[in-house]
Amino acid sequence: TRKKGRVNELKVKAMLEAQGWEVELVHGGTGWQKATDFFGLWDIIAIRKGKILWVQVKSNSLPSPAYRKALSSFQGPGTRELWIIKDRIKEPRIINL
């Protein structure tokens, strides 16, 4: 659900901030309006010591192979990561793309 996704995005934001990253989270939609990801792909952009980190957050499962390909094909500067947050598991699975 969107609510679970937003909660997980906020968890990832807090984890990154605890590591010293400056974090910008995609703004949530209002009412029935869906939030629009950065470049249609990313939930979070983080910056630390001149480095850029692009993060897509998913709940419980991997996205489709086509979507993962779109993420890994992104041409922007910096590192690209896919974070999978599973219910009742404290640590996220982080996949470098």
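Mentor: Start at L25. Setting aside neighbours within four places in sequence, L25 is in contact with R6, E9, L10, K13, F38, D43 and I44. Keep in mind that this is a predicted model.

L25 belongs to the largest nonpolar core. That core has 12 residues in all: V12, L16, W21, V23, L25, I44, A46, L53, V55, V57, W83 and I85. Several elements build it. Helix α1 (2–18) and strands β1 (22–25), β2 (44–48), β3 and β4 each give two or more residues to this core. The top contributor is β3, with 3 residues. In soluble globular proteins, nonpolar side chains tend to be buried together.

There is a second, separate core. It holds 8 residues, including W42, I45, W54 and I84.

I45 sits in strand β2. Is I45 buried or exposed? Its relative accessible area is 18%, so I45 counts as buried, the cut-off for buried being under 20%. Beyond four places in sequence, the contacts of I45 are E22, V23, E24, F38, I52, L53 and W54. Two of these names, V23 and L53, are members of the largest core. W54 is listed in the second core. L25 and I45 are 20 residues apart in sequence, with 6.7 Å between their C-alpha atoms. F38 is a contact of L25, and F38 is a contact of I45 too.

Now the helix side. N8 is in helix α1. With a relative accessible area of 3%, N8 is buried. Not counting residues up to four places away in sequence, N8 touches V57, S59 and I85. V57 and I85 are both part of the largest core. Further along α1 comes E17. E17 has 37% relative accessibility and counts as partly exposed.

Next, the second largest pocket. Its space is about 160 Å³. Rolling a probe the size of a water molecule over the atoms shows where empty space is left. Which residues line this second largest pocket? The lining is L16, Q19, W21, R48, K49, K51, I52, L53, T79, E81, W83 and I94. By class, that makes 6 nonpolar, 2 polar and 4 charged residues. Strands β3 (51–59) and β4 (79–85) each supply at least two residues of the lining.

Turn to the loops. H27 is in the loop between β1 and β2. H27 is exposed, at 62% relative accessible area. H27 and F38 are 11 residues apart in sequence and 9.6 Å apart in space, C-alpha to C-alpha.

Two loop residues deserve a backbone check. Most residues other than glycine have a negative phi, and most peptide bonds are trans. N60 is not a glycine, yet its phi is positive, at about 75°. N60 lies in the loop between β3 and α2 (65–72). At 26% relative accessibility, N60 is partly exposed. R88 is not a glycine either, and its phi is positive at about 65°. R88 sits in the loop between β4 and β5 (93–96). R88 is exposed, with 81% relative accessibility.

Finally, the whole chain. What pattern does the protein chain follow along the sequence? The order is α-β-β-β-α-β-β, from 2 helices and 5 strands. The radius of gyration is 13 Å, close to the 13 Å that the globule rule gives for 97 residues, so the chain is as compact as a globular protein of that length. Its C-alpha atoms fill a box of roughly 35 × 30 × 30 Å along the principal axes. Buried residues make up 32% of the 97 residues. Of contacts between residues at least 6 apart in sequence, 47% join residues at least 24 apart.

Conventions: Residues are numbered from 1 along each chain as its sequence is written. This is a predicted model: local features need pLDDT of at least 70, side-chain atom pairs count only at pLDDT 80 or more; totals for chains, interfaces and linings use all residues. Side-chain values use heavy atoms; hydrogens and water are left out. On a 1 Å grid over the protein atoms alone, a cavity is a set of points where a 1.4 Å probe fits but cannot get out, and a pocket is an open set with protein on both sides within 12 Å along at least five of seven lines; lining residues have an atom within 4 Å of a point. Grid points are joined across faces, edges and corners, and a volume is the space filled by probe spheres set on the points. Helices (H or I, at least four residues) and strands (E, at least two) are DSSP runs, numbered from the N terminus. Ala, Val, Leu, Ile, Met, Phe, Trp, Tyr, Cys and Pro count as nonpolar, Asp, Glu, Lys and Arg as charged, and the others, Gly among them, as polar. A nonpolar core is a set of buried Ala, Val, Leu, Ile, Met, Phe, Trp, Tyr and Cys residues joined through side-chain atoms within 4.5 Å. Buried means under 20% relative accessible area, exposed over 50%, partly exposed in between (1.4 Å probe, protein chains only). Contact means heavy atoms within 4.5 Å. The radius of gyration is taken over C-alpha atoms; the globule rule is 2.2 Å times the number of residues to the power 0.38.
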